[in-house]
Amino acid sequence: MATGQLFSRTTQALFYNYKQLPVQRMLDFDFLCGRETPSVAGIINPGSEGFQKLFFGQEEIAIPVHSSIEAACAAHPTADVFINFASYRSASASTMAALKQPTIKVVAIIAEGVPESDTKQLIAYARTNNKVVIGPATVGGIQAGAFKIGDTAGTIDNIIHCKLYRPGSVGFVSKSGGMSNELYNTIARVTDGIYEGIAIGGDVFPGSTLSDHVLRFNNIPQVKMVVVLGELGGHDEYSLVEALKQGKINKPVVAWVSGTCARLFKSEVQFGHAGAKSGGEVESAQAKNQALKEAGAVVPTSYEALEGAIKETYEKLVEEGRVTPVKEVTPPQIPEDLNTAIKSGKVRAPTHIISTISDDRGEEPAYAGIPMSSIVEQGLGAGDVISLLWFKRSLPRYCTRFIEICIVLCADHGPCVSGAHNTIVTARAGKDLVSSLVSGLLTIGPRFGGAIDDAARYFKDAYDKGLTPYEFVESMKRKGIRVPGIGHRIKSSDNRDKRVELLQRFARSNFPSVKYMEYAVEVETYTLTKANNLVLNVDGAIGSLFLDLLAGSGMFTKQEIDEIVGIGYLNGLFVLARSIGLIGHTFDQKRLKQPLYRHPWEDVLYTK
C-alpha cells in the first residue's frame, strides 16, 4: 500500500447514507482550514435525488444528492474518497461497489460488525487494485488543515483545541477512534501538532494496518515523527516490528500498545473492540511493547509516560534542526447555528408563523392544548375537534352535536348542483382526487354555500338594530340585495326543506336561546307574502342558528361573534361538509369508470 499522503486541501469525498451532523462537521472543518471548495462533493442516498442544504461557513450551499454510487461517481469524477455510513448489513456491498469505480481511491467504512469474510474480500480487492480501505469500525482520519472524514476529531471546539486546523509535523495512527481524539490533544500539547491522523478501526480484520500507514508516513516529507497507539489482540503490531527491523522506517516512532492490565484478569478478557481480545502471550500488550522497543521504537513504561516520550522525541528533533515548529495561526470563527445560538440566549430570532390552535412539539399533537390521546379517550367527535381547532375552546355537547348535524345535512345535495357537477366532470376527465375535489370547492361562493356567512351577517345586523322583518326586507330591496338565506328553487311554503325543519327542531329542544332563528322565521313569514318560494333555506337556518349557538353558549363576547362571522367561519362549515360529498362523487365516477363528459348539443341554445 505504501506511497504517500492520501488527502490534500482539494480532496473531495462522496458521502454514502446521509447523516447531517458528520457532513456539516466536515464542511465546518473545511471553512476552519480556509478551503476554497467544500470537501463533500455529493451525497448518495439510494432511491433519492435532489439537493441537501448545508452551511459552508456563513454561506448556505446545496450539495447534490444521487440515487446510486455509479451516478455520483460519474457526476463528480474528481471525488476520490468514499465515506461509507451504511449499516453493517449493507456496508460490504456498497464498499465493493465504490471500490470498483475507477475514480475512488480511498474508502472509509464507519460501521462495525461487518462480516469478517466480507471484509477479507474487500481487503483483497483493494490491495489488488491499489486502493485504500480505512475501517471497518473506524471514525476515519484527518489531514490537519486539509481534509477530515466524518466525525473524526469530534467537535469544532475539540479540533481548535487540538490545533488541527493547520498541519503539524506528527503522523499518528491508532486502532481506536476515541483514543485518537485523546492523542490529538496530547500531541498538540507537546509538539506542533498532527500532520495526518488515521484510526484504522477496531474490528479483527482492518482494511489497512498500523504498519501500512506508518510506511506511508515515512514517505511524506512533512511528517517528521510517528506516533502509534496499538492494543492487545491480533498480530498487526508485529508487521510494524518487522518494518522497523528491516530499516524501512527512518523516522522516529513512538509507540504504545494498550491493554497491559489484561494480565490482572484470571480469564480471557474482551475489551471494547472486536480485535482487542486478550489471547496468547504473543498477543499481549506487554509482548508487543517489548518487541517494538527491541525493534527500535521509543516505547514508554506506561501509557501515562507516553506524553513525555512524545515530547522528548519531538524536542530532540527540534534541537537537531530536523523540525522547524509550525507557526501558529488564528483560525476563522465558525458561525454558530441559529438553533444553538437561540438556546444559549445569544440571539433573538423572529418567527415566521404564529399558531394558536395546535402544537406538535411534544410527545403527541395537541388541539388547543388538549393532547390527542385525551380526545380519543374521552370519546370526543368531529364536532368537538372543530370546536377546539376553530373556536379554541371546548363547546358544550349540544353545540358540537349541532355542528355534526350541519355536516351531515350539508354533506351532499345531489349530482346536479354546481359543485358536484364540476367535480363529476373533472373526475371523468381522468383527474386525481384532489383536482376533482378542488374543482367543486371553487364553485362555493355567494350563490352556492357562501350564503351562510351573509345570512348570519345580515340577520344579526337587523336583529341587533331592532329592525322589523318589514324594515329589514324592504331596506335590502332598496339596496338591490337579495336577503341571504331566503329563497329556494324547488322548496316552497307547501314543500318545506326537511333539513331546515330538523335543524329548527334540534335547536328548539337543546339551545338556551333561539332568538336569531325566530327572527329569521319572522322574516320568512313576511317574504312568503311576496312569493311562495321565498322560504328560509338551509343556509339561512344554519346562519341564524349559529348566531344562537355563539350567543347562547355564553362562551363568546360580542366582539368575538362579530369576528367569527366576519372571518367566514360559517362558510368553512359548508366547505368542510360538502367536501365529503364531492369526494364521494369523485369515487363514484372512478368506480363506475365513466368516460369523458361532453355536454349534449340539445341542451345548448345556439344563437347569434
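This is a predicted model: local features need pLDDT of at least 70, side-chain atom pairs count only at pLDDT 80 or more; totals for chains, interfaces and linings use all residues.
Visitor: Why is Cys399 said to be in no disulfide?

Guide: Two cysteine sulfur atoms count as a disulfide when they are within 2.5 Å. For Cys399, the nearest cysteine sulfur belongs to Cys406 and is 11 Å away, so by that cut-off Cys399 is in no disulfide. The structure as a whole holds zero disulfides.

Visitor: And how do you know whether Cys399 is buried or exposed?

Guide: Buried means under 20% relative accessible area. Cys399 has a relative accessible area of 0%, so Cys399 is buried. Cys73, with 4%, is therefore buried too.

Visitor: Let's turn to the rings. What makes Tyr16 and Phe82 a pair, and why is the pair called tilted?

Guide: Rings pair if their centres lie within 6.5 Å, and the centres of Tyr16 and Phe82 are 5.7 Å apart. Planes under 30 degrees apart count as stacked and over 60 as edge-to-face, with the rest tilted. The planes here are at 40°, so the pair is tilted. The structure holds 18 aromatic pairs.

Visitor: What does the pair of Tyr16 and Phe82 tie together?

Guide: Tyr16 lies in strand 1 and Phe82 in strand 5, so the pair ties together parts that are 66 residues apart in sequence.

Visitor: How do you know whether Tyr16 and Phe82 are buried or exposed?

Guide: The cut-off for buried is under 20%. Tyr16 has a relative accessibility of 12%, so Tyr16 counts as buried. Phe82, at 0%, is buried as well.

Visitor: What kind of aromatic pair do Phe391 and Tyr569 form?

Guide: That pair is tilted, with 5.3 Å from centre to centre and 40° between the planes. Phe391 sits in helix 13 and Tyr569 in helix 23, and the pair links parts of the chain that are 178 residues apart. Both rings belong to one aromatic cluster, whose members include Tyr398, Phe402 and Phe506.

Visitor: Why is Tyr569 called partly exposed?

Guide: Partly exposed covers the range between buried, under 20%, and exposed, over 50%. Tyr569 has a relative accessible area of 23%, so Tyr569 is partly exposed.

Visitor: What makes strand 14 and strand 16 edge strands?

Guide: Three strands form an open sheet in the order 14-15-16. Strand 14 and strand 16 each have a single partner strand, so one side of each is left without a neighbour in the sheet.

Visitor: How do you know that strand 14 and strand 15 pair?

Guide: Pairing takes at least two bridges between the strands. Strand 14 and strand 15 have two bridges, so they pair, and they do so in the antiparallel sense. Ser358 stands opposite Tyr367 in strand 15.

Visitor: Now the pockets. What makes up the lining of the largest pocket?

Guide: By class, that lining has 16 nonpolar, nine polar and nine charged residues. The largest pocket has a volume of about 1400 Å³. Of its 34 lining residues, the closest to the centre are Arg447, Ile486, Gly487, His488 and Asn537. Elements that give two or more residues include helix 17 and helix 21.

Visitor: Which element gives the largest share of the lining of the second largest pocket?

Guide: Helix 1 does, with four residues. That pocket has a volume of about 520 Å³, and among the residues closest to its centre are Ile156 and Asp157. Its lining has six nonpolar, four polar and six charged residues.

Notes
Residues are numbered from 1 along each chain as its sequence is written. Side-chain values use heavy atoms; hydrogens and water are left out. On a 1 Å grid over the protein atoms alone, a cavity is a set of points where a 1.4 Å probe fits but cannot get out, and a pocket is an open set with protein on both sides within 12 Å along at least five of seven lines; lining residues have an atom within 4 Å of a point. Grid points are joined across faces, edges and corners, and a volume is the space filled by probe spheres set on the points. Ala, Val, Leu, Ile, Met, Phe, Trp, Tyr, Cys and Pro count as nonpolar, Asp, Glu, Lys and Arg as charged, and the others, Gly among them, as polar. Buried means under 20% relative accessible area, exposed over 50%, partly exposed in between (1.4 Å probe, protein chains only). Rings of Phe, Tyr and Trp (its six-membered ring) pair if their centres lie within 6.5 Å; planes under 30 degrees apart count as stacked, over 60 as edge-to-face and the rest as tilted.
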